[in-house]
Amino acid sequence: MKESGSKPSTSTLNILINEYAKVDGAIESTKLLELMSQEENIQPNDRTYNHLVKAWCNRKNIKEARNVVYKMLASSGIYPNVVMYNTIARAYAEVAKTYKAEQMIFEMQTNKVAPNECACGIIVSGYSKEGNTTDALRFVYRMKELGL
């Protein structure tokens with residue numbers, strides 16, 4: 001794009017980051033974020049970070065996904081949204097750590113993000129897949145406390 005005199009937009013780079021996320025390209029997605037920070041008038045937004053978190057979660061690297069969240073807070077002041085929390089919660093549930101996905105609910109509430117039906121479904125489904133119907137049912141009853 002530079003060779004032709006065109007400048008990429010945040011939206012253009014978000015599309016590329018999202019496509020890399022789909023094909024297990026977390027490292028390439030991170031490089032695009034770095035490129036974004038070097039360009040004038042291009043700032044990453046919550047969608048940019050959502051795509052990066054998704055890319056790392058697709059690789060089952062939850063630690064790096066969490067690092068993206070910390071970097072996001074430190075560099076741009078953007079707070080995680082429900083999509084980001086749900087992505088991380090799903091990754092925990094997929095690796096049979098649903099209790100950590102449930103802890104995400106507390107983190108969401110601490111950061112003033114309302115858990116939604118999707119977040120709760122991820123947790124109930126995760127416990128069920130683990131064969132832990134007791135905790136799945138306990139969480140179903142807890143959903144009422146969450147207003148769902």
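This is a predicted model: local features need pLDDT of at least 70, side-chain atom pairs count only at pLDDT 80 or more; totals for chains, interfaces and linings use all residues.
Student: What box do the C-alpha atoms fill?
Tutor: The box is taken along the principal axes of the protein. Along those axes, the C-alpha atoms fill roughly 60 × 30 × 20 Å.

Student: Are H1 and H2 roughly parallel or antiparallel?
Tutor: Helix H1 covers residues 10-22, and its axis lies 8 Å from that of H2. The two pack at an angle of about 165°. Angles over 145 degrees count as roughly antiparallel, so H1 and H2 are roughly antiparallel.

Student: Which residues of H2 make the contact with H1?
Tutor: From H1 come Thr-10, Leu-13, Asn-14, Leu-16, Ile-17, Tyr-20 and Ala-21. By class, the residues of this contact divide into 9 nonpolar, 3 polar and 1 charged. The crossing of the two helices is left-handed. On the H2 side, the contact is made by Glu-28, Ser-29, Leu-32, Leu-33, Leu-35 and Met-36.

Student: How are H6 and H8 oriented, roughly parallel or antiparallel?
Tutor: Helix H6 spans residues 98-110 and helix H8 spans residues 133-145, with their axes 12 Å apart. The angle between them is about 20°. Angles under 35 degrees count as roughly parallel, so H6 and H8 are roughly parallel.

Student: How many charged residues does the contact of H6 with H8 have?
Tutor: In H6, the residues that take part are Glu-102, Ile-105, Phe-106 and Gln-109. They meet Arg-138, Phe-139 and Arg-142 in H8. By class, this contact has 3 nonpolar and 1 polar residues, and the number of charged ones is 3.

Student: Which helix gives the most to the lining of the largest pocket?
Tutor: The largest pocket has a volume of about 220 Å³. Among its 15 lining residues, the closest to the centre are Leu-33, Pro-44, Tyr-49, Lys-71 and Ser-75. H2 (26-38), H3 (46-58) and H4 (62-76) each supply at least two residues of the lining. With 5 residues, the helix that gives the most is H4.

Student: How many nonpolar residues does that lining have?
Tutor: Sorting the lining of the largest pocket by class gives 5 polar and 2 charged residues. The nonpolar residues number 8.

How values were computed. Residues are numbered from 1 along each chain as its sequence is written. Side-chain values use heavy atoms; hydrogens and water are left out. On a 1 Å grid over the protein atoms alone, a cavity is a set of points where a 1.4 Å probe fits but cannot get out, and a pocket is an open set with protein on both sides within 12 Å along at least five of seven lines; lining residues have an atom within 4 Å of a point. Grid points are joined across faces, edges and corners, and a volume is the space filled by probe spheres set on the points. Helices (H or I, at least four residues) and strands (E, at least two) are DSSP runs, numbered from the N terminus. Ala, Val, Leu, Ile, Met, Phe, Trp, Tyr, Cys and Pro count as nonpolar, Asp, Glu, Lys and Arg as charged, and the others, Gly among them, as polar. Axes are lines fitted to C-alpha atoms, for helices over the stretch in contact, and angles run from 0 to 180 degrees between N-to-C directions. Angles under 35 degrees count as roughly parallel, over 145 as roughly antiparallel, 65 to 115 as roughly perpendicular and the rest as oblique. A crossing is left-handed if the near helix is turned anticlockwise from the far one by less than a right angle, and right-handed if clockwise. Contact means heavy atoms within 4.5 Å.
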